[in-house]
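Colleague: I would like to go through this model with you, from the overall fold down to single contacts. Can we keep it brisk?

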Amino acid sequence: MARKPEILTPQLFSFELNLKTVLWGGDMIAAFKGIKLDNHLVGESWEISGLKGHESVVANGDDKGLTLRQLIRKYRSQLVGKRIYREHGNEFPLLIKFIDASKDLSVQVHPDEDLARSRHHCCGKTEMWYIIDAQQGASLLAGMSRTITPNEYLQHMASGTLLNVLMRHNTHAGDIFFLPAGRIHSIGAGNLLLEVQQPSDITYRVYDYDRLDINGKPRQLHTDLAIDAIDYTVSRDCLRHYPNEKGHITLINSIFFNVGRVIVDGTCNVPMPHDAFLCLMCIHGSATIDYGSPSTYTIKQGESILVPACVEQLSLNGAATIITATA
C-alpha cells in the first residue's frame, strides 16, 4: 500500500543556485542576482527544475536538501495540485531559467509532443521568453521570414544561407516571445531573459556559426532530425507587447503553461491558480510576500520562489516586477 503524503503547511520554497557554464555565457546573471562568481561563462541559471540530473534543491525550511522530485513525492497534490499530480506524478511540469546570451546561441528547434514521445520518450518543448534586459542593438531570431519547404531548408543548410529566411526581431526590456515547439529560433548576443518551458532538454541544433567546442571540434548539428520538427510557415504571434500597468496581467495562456506579470508599487493581491502551484520570479526590485501565515518572505531581484497549491491567498508589498508561472 502506498504511503500517505505528509501534511504540507502553507510555506514558500526557495532553491539552491544551479548555474550552467556554456560557450556563449557571460557575467549578466551574476550581476542580476547580486552574486560574485569567478566563472565568466555562466549562460543559464536553472531556477526551478525537476529534470533528472538538473534538479532544484530546496534551500530553506525543514525540507532543506530535498530535490524537487523528492518534495513532490513527499507532499503530492498539496504541493502541485490534484490535476497536475494526476497528469504528471512526481515530474514537475515546468522548467524555469534565467539565460544570459553574451554571444549568439545556436539556431535550433524543439520537437512537439508527438515527435518527442516517439523519438525520445519524453514531452515536447514549447517555451516563452521574457526579455529582462537587452543591450543596444540586441536581437534574436524567431520563426520564418517567409514560408519555405523542407527541400528548401536542406538547400539553405547546404549553402549556409539559412539565416536569410529567418525572422529577426530587435529586442527591448519587457518584450515577450512565444515559441511553440517547431518554431525555429536563436537568442542573440546581449539579451538577458527569463525562460518558461516544458520540462524537456531535447534540442535540435541546425546552425552554430561554425563555432568549435572546448575540444576544438565543430559542435554537432541535427540537420536531418530537424526536418520533421520545423514549422516552415510564417508566424505572426512571436512577439507580444503589454503596457507597464500596475497589478497582475496574463502574458501567455497555453495548454502547457500560464505566465503572468505583477508590477507592485505598494500592496498588490496575486490570484492563486485553482488547485495548482505558482512560481514567482522577481526580475526587478523587491517585495514582501504574505501567504496567510504568521511568517512572511521577502523576494528580491534574481530570486525565484515556489508557492504550493495549498496556499490559498497571496499578497505582495514593496516595489517590484515579478513574473508568475503555473501549469
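What follows is a set of questions and answers on this predicted model.

Colleague: What is the radius of gyration of the protein chain, and what would a compact globule have?

Modeller: The C-alpha trace spans about 65 × 50 × 40 Å along its principal axes. For 327 residues, a compact globule would have a radius of gyration near 20 Å. The protein chain agrees with that, at 20 Å.

Colleague: How many helices and strands does the secondary structure come to?

Modeller: Helix 1 covers residues 28-33 and strand 3 covers residues 95-101. Further along, strand 14 runs over residues 258-269. The count for the protein chain is seven helices and 18 strands.

Colleague: Among contacts between residues at least 6 apart in sequence, what share joins residues at least 24 apart?

Modeller: Start with burial: 52% of the 327 residues count as buried. Then take the contacts between residues at least 6 apart in sequence. The share of these that joins residues at least 24 apart is 74%.

Colleague: Is the aromatic pair of Phe 32 and Phe 98 stacked or edge-to-face?

Modeller: The model has five aromatic pairs. In one of them, Phe 32 and Phe 98 have ring centres 5.0 Å apart and planes at 75°. Planes over 60 degrees apart count as edge-to-face, so the pair of Phe 32 and Phe 98 is edge-to-face.

Colleague: How many residues apart are Phe 32 and Phe 98, and which elements hold them?

Modeller: Both Phe 32 and Phe 98 are buried. Phe 32 belongs to helix 1 and Phe 98 to strand 3. The pair links distant parts of the chain, 66 residues apart.

Colleague: The charged end of Lys 20 sits over which ring?

Modeller: Look for the centre of the ring 5.0 Å from that charged end. A charge counts as over a ring within 6 Å of the centre, if it is also within 35 degrees of the ring normal. The ring under Lys 20 is that of Trp 46.

Colleague: Which residues are linked with Glu 6 in a network of salt bridges?

Modeller: Side chains of opposite charge can pair when their charged atoms come close. Glu 6 bridges to Lys 74, with the closest N and O atoms 3.8 Å apart. Glu 6 is in the segment before strand 1 and Lys 74 is in helix 2, 68 residues apart. The network links Glu 6 with Asp 63 and Lys 74.

Colleague: Which helix holds both Glu 113 and Arg 117?

Modeller: Glu 113 and Arg 117 form a salt bridge, with the closest N and O atoms 3.9 Å apart. Glu 113 is partly exposed at 24%, and Arg 117 is partly exposed at 47%. They sit four residues apart, about one turn, in helix 5.

Colleague: Which side chain joins that of Arg 219 in a polar contact of 2.8 Å?

Modeller: Arg 219 lies in the loop between strand 11 and helix 7. Beyond its neighbours within four places in sequence, its contacts include Leu 23, Trp 24, Ser 106 and Asp 208. The polar contact of 2.8 Å is with the side chain of Asp 208.

Colleague: Which side chain makes a polar contact with that of Thr 267?

Modeller: Thr 267 is in strand 14 and is exposed, at 59% relative accessible area. Leaving out residues up to four places away in sequence, Thr 267 touches Leu 316 and Asn 317. The polar contact, at 2.5 Å, is with the side chain of Asn 317.

Methods. Residues are numbered from 1 along each chain as its sequence is written. This is a predicted model: local features need pLDDT of at least 70, side-chain atom pairs count only at pLDDT 80 or more; totals for chains, interfaces and linings use all residues. Side-chain values use heavy atoms; hydrogens and water are left out. Rings of Phe, Tyr and Trp (its six-membered ring) pair if their centres lie within 6.5 Å; planes under 30 degrees apart count as stacked, over 60 as edge-to-face and the rest as tilted. Helices (H or I, at least four residues) and strands (E, at least two) are DSSP runs, numbered from the N terminus. Buried means under 20% relative accessible area, exposed over 50%, partly exposed in between (1.4 Å probe, protein chains only). A salt bridge is a side-chain nitrogen of Lys or Arg within 4 Å of a carboxyl oxygen of Asp or Glu. A polar contact is a pair of N or O atoms within 3.5 Å; within protein, one must be able to donate a hydrogen and the other to accept it, and residues adjacent in sequence count only if both atoms are side-chain atoms. Contact means heavy atoms within 4.5 Å. The radius of gyration is taken over C-alpha atoms; the globule rule is 2.2 Å times the number of residues to the power 0.38.
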